[in-house]
Amino acid sequence: MSELLTVEEHRASVLDAVTPLPVETVRLADAAGRTLAAPVRAAHDAPGFDNSSMDGFAVRFADVEGADADNPVALRVVADLPAGSSDDPSFGAGEAVRIMTGAPVPTDADAIVPFEDTAGGLADSLGTVEVRRAPAASGAFIRRRGGDTRTGDVVLSAGERLGPFALAAAAAAGVSQLEVRRRPRVAVVSTGSELVPPGVAPGRGQIPDSNSTLLAGLVAGADADVTVVSSLQDEASAIHALLAHAADVDVDVVIFSGGVSAGAYEPVRQALSERIAFEKVAMQPGKPQAFGALDDGRLVFGLPGNPVSVAVSFEVFVRPALLALQGRAVIDRPIARLTASEDWTTPPGRRQYLPAAIDLVAGTVRPATAGGSGSHLAASLARAEAFAIVPAEVSTVSAGDALDVMLIP
Ligand code: AMP
Ligand code: MG
């Protein structure tokens, strides 16, 4: 039997084959889920001008210093500044300007008195306001120009994923065109003469194809486009035809499930054994793994067919590759260190990725199913929130042991 590769060895050969996809420029509204190919720098200061952080009155601090309920200070209100106003009303000693949150602070003001600290509150419009509490200091309740970011500052870095927070930061910094990587185009291909489409009642010997649905969702979750979904009979000719089609429609990555192990009907192995590598990796599930780049650069994964094996193989090898194609800086799921709350056994000499349920408040992890690690337990996979990672040299996990746990949001 051939040597087992470590997970790290196989993963390294996968990542070595990845070249990031081309860069394109997209509008902010089209950039969700994309990965930045270049840093985003602020086009202007943010805030762009000194502005009020409260609804209240812009004042000269010297006028109101020392004001309190026993010694209120009356000021004449000479102007009104709603948010969006570009006015800069001048005012003198003993005067104030009513101002709303976000409106530019007049040049003559050096503090804001919130309306809560006045006798009449917002009802004081263009009359008199009685200040019953002085602001703490000159500058109180003024948000300064450039306090968030300054023109030219790096707001987002290359390799960052453009989620809602990042997109909002770009918008706030005045940037509306973003340089991003193209989304990977992916073919998801099930193999197995036993497969019927979901919804078709399986006859004896048949099972529903759940891997297509699983992989399509996982690929979408990795911000890639599923452009081909197919389910093939166990025939090498079907694999060749599929790859020809994948070339025609320009997919970047083909993910096969099933047909890679040592059985008699393994179409992916039969069709591709000369073109990509078929390996055994020291992990459970997911030992048989096929991977390679075709002559035209397309990446091909052959994952073992059991649904749990597919899920684990995707997380460990495929997802990092799909993110690396996008130039993503962080290609790994977050890992939490949690304590096992039950005992379980694991296969010797192979790193286990066990579908697990977690309690992040208690800091604990346990098998997601009573059935243990059976890699065919497709329906039980729904109960998994994470994969507990048990080192190859460990054969028994005992309650109380600390484990790395890959979190799957
Ligand atoms: P294989 O790797 O082709 O030997 O498949 C291993 C096991 O996974 C077999 O029990 C298959 O029936 C099952 N399997 C393969 N492909 C799928 C699929 N698309 N959906 C659900 N189960 C599958
Ligand atoms: Mg099969």
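This is a predicted model: local features need pLDDT of at least 70, side-chain atom pairs count only at pLDDT 80 or more; totals for chains, interfaces and linings use all residues.
1. Which atoms of Asp209 and Ser210 come close to a nitrogen atom of ligand 1? In Asp209 it is an N or O atom of the side chain, which is 2.8 Å from a nitrogen atom of the ligand. In Ser210, by contrast, it is a backbone N or O atom, and this lies 3.1 Å from a nitrogen atom of ligand 1.

2. Gly259 also takes part in the surroundings of the ligand, with a polar backbone atom that is 2.9 Å from an oxygen atom of ligand 1. On its own, ligand 1 has 480 Å² of accessible area, and the protein covers 77% of this. As for its location, ligand 1 sits in the largest pocket.

3. Turning to the aromatic rings, a search of the whole structure finds 1 aromatic pair. The ring centres of Phe291 and Phe301 are 4.8 Å apart and the ring planes stand at 50 degrees, so the pair is described as tilted. Phe291 belongs to strand E19 (residues 288–293) and Phe301 to strand E20 (residues 299–303); the two residues are 10 residues apart, and the pair links distant parts of the chain.

4. The bond from Ala46 to Pro47 is cis, with omega near -10 degrees, and Pro47 has its place in the loop between strand E2 (40–41) and strand E3 (51–52). Gln284 and Pro285 are likewise joined by a cis peptide bond, for which omega is about -5 degrees. Pro285 is found in the loop between strand E18 (283–284) and strand E19.

5. Is the phi of Phe141 positive or negative? Phe141 has a positive phi of about 60 degrees, although Phe141 is not a glycine. Phe141 lies in the loop between strand E8 (128–131) and strand E9 (142–143).

Notes:
Residues are numbered from 1 along each chain as its sequence is written. Chains are lettered from A and ligands numbered from 1 in the order in which they are written. Side-chain values use heavy atoms; hydrogens and water are left out. A polar contact is a pair of N or O atoms within 3.5 Å; within protein, one must be able to donate a hydrogen and the other to accept it, and residues adjacent in sequence count only if both atoms are side-chain atoms. Accessible areas come from the Shrake-Rupley method with a 1.4 Å probe; for residues, only the protein chains shown count as cover. On a 1 Å grid over the protein atoms alone, a cavity is a set of points where a 1.4 Å probe fits but cannot get out, and a pocket is an open set with protein on both sides within 12 Å along at least five of seven lines; lining residues have an atom within 4 Å of a point. A molecule sits in a cavity or pocket if more than half of its atoms lie within 2 Å of its grid points. Rings of Phe, Tyr and Trp (its six-membered ring) pair if their centres lie within 6.5 Å; planes under 30 degrees apart count as stacked, over 60 as edge-to-face and the rest as tilted. Helices (H or I, at least four residues) and strands (E, at least two) are DSSP runs, numbered from the N terminus.
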